[in-house]
Amino acid sequence: MQLPTLECPYLPSVHPAADEIHEMTVKWAQAMGLARNPVHIEALRDSQVGHLLARIFPATADMIALQVAVDWTTLFCCLDDRLEQIHGAVLVAAYLRSLLGVFRDGAHPQLIDPFSQAFSDLRERMLDLRVPNWIPRFSACVERLFDAFVDEARYRAAGEVPAFASHSKIRQITVGLHTGFLLSELTEHIFLPPDVLEHESVRALERSASTIVGLANDIYTVEKEMAKGEVNNTVLVLMHEDGLSFADALDRTVQLHNIEMREFSRLVTDLPTFDEDTDHQLRRYVEVLIAFISGHDDWARTTGRYNPPPGDGSAVR
């Protein structure tokens, strides 16, 4: 499948340390046990996760926080792949509960496995960055992510294609951007008052950015997911619900992406104003949301995670 051109009026930038932070996250994944053999290590290296974060936070000076963000994203990708190999929503839910306990509560892992070790390691490194009340807020976001992962697992285990409305709500969470937005407090030192973060205009921008990246992700991964028998993909949902051909469903998904991109741009233009300092912080935060969109689109066309080499059954395990 030739990748379609998606509307994106925003140009990406790339952090000059992209190669360095990516190589460091590959080594971290090896140390945690997330990538244990040469095939998996090479697949992780080819995924270029560090280059994605280099596009999302292209001007970050805090390299310690940036590496935390990169390693979190590597863990997110590896966990996403791991969950597809666990059969049954009950088992997925139990496993995620144990990981949440390790990260949120600092609990001793019930299961000694690479993911428990990685969550424990990231918890300690995030605490070392000393952002007040950050772990509880990030944990709440992770819990919502895990709940959505379980919802996807239910459809996957049943072999049931979800309805479009249900899939859209779940996908907006499982694409993982809401945790990424919070990482900007660590990497960019952006701190907005709670009433601004909860403002409907800001929430609408976050939802729109997540929807855009989720649709783009579904477009770029649909062939790979069809081959695996995945059901949680917008293209496949539209084929099933509306009786469309693959080509027509793909075109419709592209249209949905482009419509949402225009809505995002409108929301940026119509942002409310607060006081001078808050407006400055909000503009910086919006730049992060824009970078998630443009950075993902730019990265998706080169990553081996979406375009694994022939004969490689999966990009990251």
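How are H1 and H3 oriented to each other? Select H1 (residues 18-32) and H3 (residues 49-56): their axes come within 7 Å and cross at roughly 135°. H1 and H3 are therefore oblique to each other (under 35 degrees is roughly parallel, over 145 roughly antiparallel, 65 to 115 roughly perpendicular, and the rest oblique). Axes are lines fitted to C-alpha atoms, for helices over the stretch in contact, with angles from 0 to 180 degrees between N-to-C directions. Helices are DSSP runs (H or I, at least four residues) numbered from the N terminus.

This is a predicted model, in which local features need pLDDT of at least 70, side-chain atom pairs count only at pLDDT 80 or more, and totals for chains, interfaces and linings use all residues. Residues are numbered from 1 along each chain as its sequence is written, and side-chain values use heavy atoms, with hydrogens and water left out.

Next, show the side chains of Ala-18, Asp-19, Ile-21 and His-22 in H1, which meet Val-49, Gly-50, His-51 and Ala-54 in H3 (contact: heavy atoms within 4.5 Å).

Move to H9 (residues 177-187), where Thr-179 is found. 11 of the 11 residues of H9 are buried, so the helix is largely enclosed by the rest of the structure (buried: under 20% relative accessible area; exposed: over 50%; partly exposed: in between; 1.4 Å probe, protein chains only). Thr-179 has 3% relative accessibility. Leaving out residues up to four places away in sequence, Thr-179 touches Trp-72, Phe-138, Cys-141 and Val-142. After H9, select His-189, whose phi is positive, near 55°.

Last, select H11 (residues 200-228), which bends by about 60° at Val-222 (the angle between axes fitted to the seven residues ending there and the seven starting there). Gly-229 follows H11, with a positive phi near 80°.

Terms used: Helix = DSSP H or I, 4+ residues; strand = E, 2+ residues; numbered from the N terminus.
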